[in-house]
Amino acid sequence: MAVKDPTAVERANLLNMAKLSIKGLIESALSFGRTLDSDYPPLQQFFVVMEHCLKHGLKVRKSFLSYNKTIWGPLELVEKLYPEAEEIAASVRDLPGLKTPLGRARAWLRLALMQKKMADYLRCLIIQRDLLSEFYEYHALMMEEEGAVIVGLLVGLNVIDANLCVKGEDLDSQVGVIDFSMYLKSDDDIGGKERNVQIAAILDQKNYVEELNRQLNTVNSLHARVDSLEKSNTKLIEELAIAKNNIIKLQEENHQLRSENTLILMKTQHHLEVTKVDVEAELQTYKHSRQGLDEMYNEARRQLREESQLRQDMENELMVQVSMKHEIELAMKLLEKDIHEKQDTLIGLRQQLDEVKAINMEMYQKLQVTEDAMKEKNEIISRLEDKTNQINATMKQLEQRLQQAEKAQMEAENEDEKLQEEYVNKSERLQNEFSQKEKQLLQLETDLKIEKEWRQTLEDDLQKEKETISQLRIETQEIINLKKEFLKLQEKNKQLKRICQDQEAALQELASKLSESKLKIEDIKEANKALQGQVWLKDKEATHCKLCEKEFSLSKRKHHCRNCGEIFCNACSDNELPLPSSPKPVRVCDSCHAILIQRYCVSHK
């Protein structure tokens, strides 16, 4: 016969007891009524059985006075693994009557049963076997498959509604003893199969309703997410509409500026054509004038060239401004694209930052857990050393007892030899466990080094991301400065337009004044030249016209030629020439075609 493992037998017995207690509690609750009080015997036995199951294979923890086993440590871990268990842990800590960890664990079990989430809490605890290994041995019930089976059986307790008063109950001093008499079969139980079928149907219905409630809760959460996403989508649409309106306004301003530039160019061209026509007319009228006007003409031409050069410079500046405006518009478009891309990158970077923060929090929690594990393992090593010392002391005591037992019977000697062998085996086991713990310590140290390196890399990535964010802020500031410069350029453009208009008005006034001054100078020069070298006849001597030889009278007035000095009447001098300086045409001599002056005007002069 093969020898069975005693820990496996213990696990099987505890599993069977859990099955019997859960089944008896459900059946009795359905027959008695689904709401149960704390004085109900099957419920008390259920808590006792659960306490034994949780205590199986629990590692011994060293305290100041003695060694003890508490199940509050693993139950306290549920708070970190399952966020909804924080309320239970906080309420258990706040209870005034509880002084021991065992009392807190019993209160925690009662509150979890009232919430109908005991199975969920223990399932989260069983999944994390790495964390459970700090509190339980490798052969414990919670570390093996029997623990998962018990968690599955606890799901059936959701049918029961428990109303337990934890505050006034003395949970620290209760004695957990299993009453096996409650689980022995009787004749009434054998005949109640039909009733069990009805109870199973009711339980299935309640489980179905609870599952529906859970799904409805998830659907409500999904609806809330959809609403938040719709709100964010509407905000983004509004921002897009605002951006499009801004783009349309900028395009309209661009079109207005282009139209203004075209109007300015048309006006300048028109003014140039008008000035050219005026210059050509003046050149044609003054071609037959004398050489003294050439200097004035050259000066005027030089002034016109300078003014045309100034106008050409102004047109070039306008063209440069137009090209600058086009370049600024293109730069604005490119900057808007860059801003959109950088906003997308900023959103991605923020998401990465959130992920990195979450990873940092996880790594920090893992570091805390590993540090706690290191502390606990150091405590375990100290305990093992104390145990080895105790074992050595007990070995010495056993040797003394063996010397005394040699005088006794042979049967006592055999028993003593067996005891020695058992103690030697225990010491070897303890040494093996000590070596295993050392290996685990080395593994944990390597894991700590790896986590520190990973944390350093994450900090470097965070620093790089902060630098990129600062660069993006600088670029946004540059964009704002460019916008300000663009506004300044627009103001300068308006000022230049005003200056150009003022200069055009000044040019028009100067041209009119130059034309008037030229005409006056020409009249004065012609009068001076006509008077030089000529001797006019006196009024008494000039009595008859040279052509018609008739006497001068009021109807026949005297006209004198500036060039040849001849005197004609107004009837004989019919040749007329229009001049731009005088509104009426001027009479001209028939022989030399010079301008005639009335005699009385000249004599008056």
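I'm taking buried as under 20% relative accessible area, exposed as over 50%, and partly exposed as in between (1.4 Å probe, protein chains only).

Ground rules: this is a predicted model, where local features need pLDDT of at least 70, side-chain atom pairs count only at pLDDT 80 or more, and totals for chains, interfaces and linings use all residues. Residues are numbered from 1 along each chain as its sequence is written, and side-chain values use heavy atoms, with hydrogens and water left out.

Salt bridges next. I counted a side-chain nitrogen of Lys or Arg within 4 Å of a carboxyl oxygen of Asp or Glu, and got 10.

I looked at Glu379 and Arg383, which pair up at 3.8 Å between the closest N and O atoms. Both sit in helix H11 (residues 293-405), four residues apart, about one turn of the helix. Helices here are DSSP runs (H or I, at least four residues), strands too (E, at least two), numbered from the N terminus. Glu379 is partly exposed at 37% relative accessibility, while Arg383 is buried at 6%.

Then I went to Glu260 and Lys497, bridged at 2.4 Å, N to O. Glu260 is in helix H10 (residues 193-285) and Lys497 in helix H12 (residues 410-531), so this pair ties together parts 237 residues apart in sequence. Lys497 is buried at 12%; Glu260 is partly exposed at 35%.

Last stop was Asp161 with Lys116, at 2.5 Å between the closest N and O atoms. Asp161 belongs to strand S4 (residues 161-162) and Lys116 to the loop between H5 and H6, so the bridge links parts 45 residues apart in sequence.
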